[in-house]
Amino acid sequence: MGRGRQKAKQRKVARNLKYFSPETDYAALERELTAHGGEAKGEGSHSSDDYDAYAEYAAKYAIPDDEDDPYAEYAEEYSATSADDDAER
């Protein structure tokens with residue numbers, strides 16, 4: 001059977017959400033933002049320990065760019081020939 005009643009309910013909820021604008025409690029917002037020591041989340045909130053841990057993983061799993069590159073020798077040949085072509089001009 002039809003979906004009319006369900007669709008009407010969804011439309012009603014969507015309109016309520018679209019046009020409902022609750023009053024913003026700026027005092028609560030200020031308390032929440034200053035509770036972190038005045039430091040905005042995402043701006044310098046990482047400790048140096050986080051970076052040290054990342055550096056350890058990066059060093060452990062790092063693969064040099066030229067290692068395991070099947071086209072490295074072709075790139076070297078191409079750069080050598082293009083350098084020669086530039087020198088002739």
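Trainee: Is Arg-11 buried, exposed or partly exposed?
Mentor: Arg-11 is partly exposed, at a relative accessible area of 44%, where buried means under 20%, exposed over 50% and partly exposed in between, with a 1.4 Å probe and protein chains only. This is a predicted model, in which local features need pLDDT of at least 70, side-chain atom pairs count only at pLDDT 80 or more, and totals for chains, interfaces and linings use all residues. Residues are numbered from 1 along each chain as its sequence is written, and side-chain values use heavy atoms, leaving out hydrogens and water.

Trainee: Which helix does Arg-11 sit in?
Mentor: Arg-11 belongs to helix α1, which covers residues 4-19 (helices are DSSP runs of H or I with at least four residues, strands runs of E with at least two, numbered from the N terminus).

Trainee: And Leu-29, where is that?
Mentor: Leu-29 lies in helix α2, residues 26-34, and with 40% relative accessibility Leu-29 is also classed as partly exposed.

Trainee: What's the overall make-up, then, how many helices and strands?
Mentor: The protein chain has four helices and zero strands, so the pattern along the sequence reads α-α-α-α.

Trainee: How much of the chain is buried?
Mentor: Of the 89 residues in the protein chain, buried ones make up 1%.

Trainee: Switching to confidence, where is it lowest and where highest?
Mentor: Confidence in the protein chain is lowest in helix α4 (residues 72-88), with a mean of 70, and highest in α1, with 92; the scale is pLDDT, the predictor's confidence in each residue, from 0 to 100. Across the protein chain the mean pLDDT is 76, and 69% of the residues reach 70 or more.
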